Amino acid sequence: MSRSHASGPSQRQLRVGEQVRHALSEMLQRGEVRDDIVETTVISISEVRMSPDLKIATAFVSPLGAPDDEAVVKALNRNARFIRGRVSPALRQMKYMPEFRFRLDTSFDNFTKINELLRSPEVQRDLKADDDKEHE
């Protein structure tokens with residue numbers, strides 16, 4: 001029985017992704033990564049997406065207050081093997097320890113763009129025109 005990728009992640013992928021997110025967050029809070037960029041930056045992990053076989057964990061991160069977000073992501077990826085070793089005790093129930101990949105979370109930027117579009121004069125004008133038509 002094959003699962004279509006179009007239907008989204010399985011409940012297992014979602015559950016494991018959340019466990020990995022918690023383990024990563026706790027490890028980063030403890031300051032275990034000895035990298036100047038990572039140590040001096042508050043990093044928020046908004047989501048971890050697991051591959052269908054649970055062997056790859058893609059963590060979406062938001063560096064808070066960092067002058068260069070990409071440098072933080074590169075530092076995390078540079079230390080991915082060390083991080084994998086540090087979170088493995090928290091994820092000992094997993095058959096395979098996933099390989100970590102870090103990506104910049106751009107979802108907040110997308111929300112901001114959508115919000116700006118919705119508040120633009122053109123959209124407000126169109127919404128007002130729709131309201132006027134409904135009340136006729």
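Me: Does Arg-21 count as buried or exposed?
Reply: Buried means under 20% relative accessible area, exposed over 50%, and partly exposed in between (1.4 Å probe, protein chains only). Arg-21 has 19% relative accessibility, so Arg-21 counts as buried.

Me: What kind of model is this?
Reply: Residues are numbered from 1 along each chain as its sequence is written, and side-chain values use heavy atoms, leaving out hydrogens and water. Local features need pLDDT of at least 70, side-chain atom pairs count only at pLDDT 80 or more, and totals for chains, interfaces and linings use all residues; the model is predicted.

Me: Which helix holds Arg-21?
Reply: Helices (H or I, at least four residues) and strands (E, at least two) are DSSP runs, numbered from the N terminus. Arg-21 falls within residues 11-29, which form helix H1.

Me: Which residues does Arg-21 touch, not counting those up to four places away in sequence?
Reply: Contact means heavy atoms within 4.5 Å. With residues up to four places away left out, Arg-21 touches Ile-45, Ser-46, Glu-47 and Val-48.

Me: How far apart in space are Arg-21 and Phe-60?
Reply: In sequence, 39 residues separate Arg-21 and Phe-60. In space, C-alpha to C-alpha, Arg-21 and Phe-60 are apart by 9.4 Å.

Me: In which sense do E1 and E2 pair?
Reply: Strands pair through backbone hydrogen bonds, either parallel or antiparallel. Two strands count as paired if DSSP finds at least two bridges between them. Strand E1 (residues 42-50) and E2 share eight bridges, and their sense is antiparallel.

Me: Which residue of the E1 and E2 hairpin takes a positive phi?
Reply: The hairpin has five residues between the strands. The phi is near 65°, and the residue that takes it is Leu-54.

Me: How many bridges join E2 to E3?
Reply: Strand E3 covers residues 99-104 and runs parallel to E2. Phe-60 stands opposite Arg-103 in E3. The bridges that join E2 to E3 number six.

Me: What are the edge strands of the sheet?
Reply: The sheet is open, with three strands in the order E1-E2-E3 and mixed pairing. Two strands pair on one side only, and these edge strands are E1 and E3.

Me: How many residues of E2 are buried?
Reply: Strand E2 spans residues 56-64 and is mostly covered. Of its nine residues, the buried ones number seven.

Me: At what angle does H3 run to E3?
Reply: Axes are lines fitted to C-alpha atoms, for helices over the stretch in contact, and angles run from 0 to 180 degrees between N-to-C directions. H1 lies across E1, E2 and E3, at about 160° to E1. Helix H3 (residues 69-78) also lies across E1, E2 and E3, running to E3 at about 180°.

Me: Which residues form the aromatic pair?
Reply: Rings of Phe, Tyr and Trp (its six-membered ring) pair if their centres lie within 6.5 Å; planes under 30 degrees apart count as stacked, over 60 as edge-to-face and the rest as tilted. The structure holds one aromatic pair. At 6.4 Å centre to centre and 25° between the planes, the pair is stacked, and its members are Phe-100 and Phe-102.

Me: What is the relative accessibility of Phe-102?
Reply: Phe-100 is buried, with a relative accessible area of 4%. Phe-102 counts as buried too, at 2%.
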